[in-house]
Amino acid sequence: MTRSFEITWDYRCPFARIAHEHVLTGLEAGADWDVRFRAFSLDQAHIEDGLPPAWEEPDRYPGLLANLAGIVVRDRHPEQFRAVHQALFSARHDGASI
């Protein structure tokens, strides 16, 4: 029986990295999962009511660039998403480059 679920990410979140690594490992091992990957912005979650959304001020929130890259790959190159997704988490947490 296929299990369907959504999982959110912000590449800066270490907890998201852990969860996504488990999901990606399961998918690679053949888990019967229908997974929808959804971007989440930690910056947006901390903006006070009435202020412009983080998405409208990307220069103030450089962490958005990695999320936006992930969205583009997910939507335009889904066959490459898993590898890029893992690479973006690794770049942030192993090399602290994003």
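The model is predicted: local features need pLDDT of at least 70, side-chain atom pairs count only at pLDDT 80 or more, and totals for chains, interfaces and linings use all residues. Residues are numbered from 1 along each chain as its sequence is written, and side-chain values use heavy atoms, with hydrogens and water left out. The chain has four helices and two strands. Helices (H or I, at least four residues) and strands (E, at least two) are DSSP runs, numbered from the N terminus.

**Overall layout**

- From the N terminus on, the order of elements is β-α-β-α-α-α.
- The C-alpha atoms fill a box of roughly 45 × 30 × 25 Å, taken along the principal axes.
- The chain has 98 residues, and 31% of them are buried. Buried means under 20% relative accessible area, exposed over 50%, and partly exposed in between (1.4 Å probe, protein chains only).
- Take the contacts between residues at least 6 apart in sequence: 63% of them join residues at least 24 apart. A contact means heavy atoms within 4.5 Å.

**Helix α1**

- Helix α1 covers residues 14–28.
- The 15 residues of α1 should span 21 Å at 1.5 Å a residue, and the end C-alpha atoms are 21 Å apart, which agrees. The expected span is 1.5 Å times one less than the number of residues.
- The buried residues of α1 are A16, R17, H20, V23, L24, G26 and L27.
- These buried residues pack against β1, β2 (33–39) and α4.
- Just after α1, G30 takes a positive phi of about 100°.

**α1 against α4**

- α1 and α4 pack at an angle of about 150°, with their axes 11 Å apart. Axes are lines fitted to C-alpha atoms, for helices over the stretch in contact, and angles run from 0 to 180 degrees between N-to-C directions.
- α1 and α4 are therefore roughly antiparallel to each other. Angles under 35 degrees count as roughly parallel, over 145 as roughly antiparallel, 65 to 115 as roughly perpendicular, and the rest as oblique.
- The crossing of α1 and α4 is left-handed. That term applies if the near helix is turned anticlockwise from the far one by less than a right angle; clockwise is right-handed.
- On the α1 side, the contact is made by P14, A16, R17, H20, E21, L24, L27 and E28; on the α4 side, by R82, H85, Q86, F89, S90 and H93.
- By class, this contact of α1 with α4 has five nonpolar, five polar and four charged residues. Ala, Val, Leu, Ile, Met, Phe, Trp, Tyr, Cys and Pro count as nonpolar, Asp, Glu, Lys and Arg as charged, and the others, Gly among them, as polar.

- α3 has 13 residues and reaches 18 Å from its first C-alpha to its last, close to the 18 Å expected at 1.5 Å a residue.
- L64, A66, N67, G70 and V73 are buried in α3. What covers them includes β1 (3–9) and α4.
- The axes of α3 and α4 (residues 78–93) come within 7 Å and cross at roughly 160°.
- α3 and α4 are therefore roughly antiparallel to each other. Their crossing is left-handed.
- A66, G70, V73, R74, D75 and R76 in α3 meet P78, Q80, F81, V84 and L88 in α4.
- The contact of α3 with α4 divides into six nonpolar, two polar and three charged residues.

- V23 lies in helix α1. V23 is buried, with a relative accessible area of 9%.
- Not counting residues up to four places away in sequence, V23 touches F5, I7, W33, V35 and F37.
- V23 and T2 are 21 residues apart in sequence and 14 Å apart in space, C-alpha to C-alpha.
- Y61 is in the loop between α2 (42–45) and α3 (64–76). At 12% relative accessibility, Y61 counts as buried.
- Y61 touches D43, I47 and A54, again leaving out residues up to four places away in sequence.
- S41 and Y61 are 20 residues apart in sequence and 9.8 Å apart in space, C-alpha to C-alpha.
- D43 lies in helix α2. D43 counts as buried at 17% relative accessibility.
- With residues up to four places away in sequence left out, D43 touches R12, A54 and Y61.
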